[in-house]
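Good morning, colleagues. Please look at the display before I continue.

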Amino acid sequence: MAATKSTGKTPASTDAVKQITYLAGALKAPRITEAAARLADQARDAGWTHEDYLAAVLEREVSARNASGARLRIRAAGFPAPKTLEDFDFDAQPAVRQQIGALASGGFLTEARNVVLLGPPGTGKTHLATALGVAAARHGHRVLFATATDWVTRLTDAHRAGKLPQELTRLRRYGLIIVDEVGYLPFEQDAANLFFQLVSSRYEHASLVLTSNLPFSGWGGVSGDQAVAAAMIDRIVHHADVLTLKGASYRLRGRGIDSLPSIRTTTDQTES
């Protein structure tokens, strides 16, 4: 009988594979079974140590969990549409490219800093706010997105139910709240007071990203109370990056319309 040529490999035994499958299931990490099988031959061929092999298998599991968790956080955030920084046309807004690139790392979230995006309609404020939210979710932060009007409705419902303090406490567990379209519709004074409480509850605790087509000087007219607006702006901008977007609406490109009627948002107007 001819001798069987040795390949130098020792395939995993059936019992070992069953044990790995069982243990992966017990850990609620079924992907470990696939990773262990896929990397086994590579480990033998490359002469990995046991520690190298274990680290590689666990790294695959952690990466897969992070990706899965990010998808769930993005889905739960309530974004109107998925947007990323890679999709944004920075050639139309070159002045903010560097700042946005720095913010994408998520460092502002660990410092409980805010981001305010000001500019005329159609200049990319919502896209950038969403993209920063997606990046935050990928960094492991919980995110919620809604328009200013929707946030006021949510807070009003909680207030009427006698649960506003509990709602504000719950919202503070989110690393990032995005408030889109501040100033598009005016608030009644009670609503403005509720919105101020949202801002105040997050001050130096957790981050906000806000977008508006109005300079800060116009926010008092939206809230109906200059004192409330001033107090709110003070808390927002104390620890914030304020970015001003300029130019015509991208929605009007190729339509023979240069701009929409809107309030200018030059840098000097953004100061409270």
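Predicted model: local features only at pLDDT ≥ 70, side-chain atom pairs only at ≥ 80, totals over all residues.

Accessible areas here come from the Shrake-Rupley method with a 1.4 Å probe. On that basis, the protein chain exposes about 15,400 Å², and carbon and sulfur atoms supply 53% of this area.

Let me describe the chain as a whole. The protein chain has 272 residues, of which 42% are buried. Its secondary structure consists of 11 helices and five strands. If we take the contacts between residues at least 6 apart in sequence, 78% of them join residues at least 24 apart.

I turn now to one pair of helices. Two packed helices are described by the angle between their axes and by the distance between the axes. At what angle do helix α1 and helix α2 pack? Helix α1, residues 14–26, and helix α2, residues 31–46, pack at about 145°, and their axes are 8 Å apart. On the α1 side, the residues that meet α2 are I20, T21 and A24; their counterparts in α2 are I32, T33 and A36. By class, this contact has four nonpolar residues, two polar residues and no charged residues.

How many salt bridges does the structure hold? There are seven, and I shall present two others individually. In one of them, the side chains of E59 and R60 meet, with an N to O distance of 3.8 Å. E59 is partly exposed, with a relative accessible area of 48%, and R60 is partly exposed as well, at 33%.

In the other, R97 pairs with D91, and the closest N and O atoms are 3.3 Å apart. R97 is partly exposed, with a relative accessible area of 41%, whereas D91 is exposed, at 65%. Elsewhere, salt bridges that share partners join R154, E167 and R170 into one network.

To close, I would ask you to keep two views in mind. One is the α1 and α2 pair, whose contact has no charged residues. Thank you for your attention.

Note on methods. Residues numbered from 1 in each chain as written. Heavy atoms only, no water. Axes fitted to C-alpha atoms, helices over the stretch in contact; angles between N-to-C directions. Helix = DSSP H or I, 4+ residues; strand = E, 2+ residues; numbered from the N terminus. Contact = heavy atoms within 4.5 Å. Nonpolar A, V, L, I, M, F, W, Y, C, P; charged D, E, K, R; others polar. Buried < 20%, exposed > 50% of the residue type's maximum accessible area, 1.4 Å probe, protein only. Salt bridge = Lys/Arg side-chain N within 4 Å of Asp/Glu carboxyl O.
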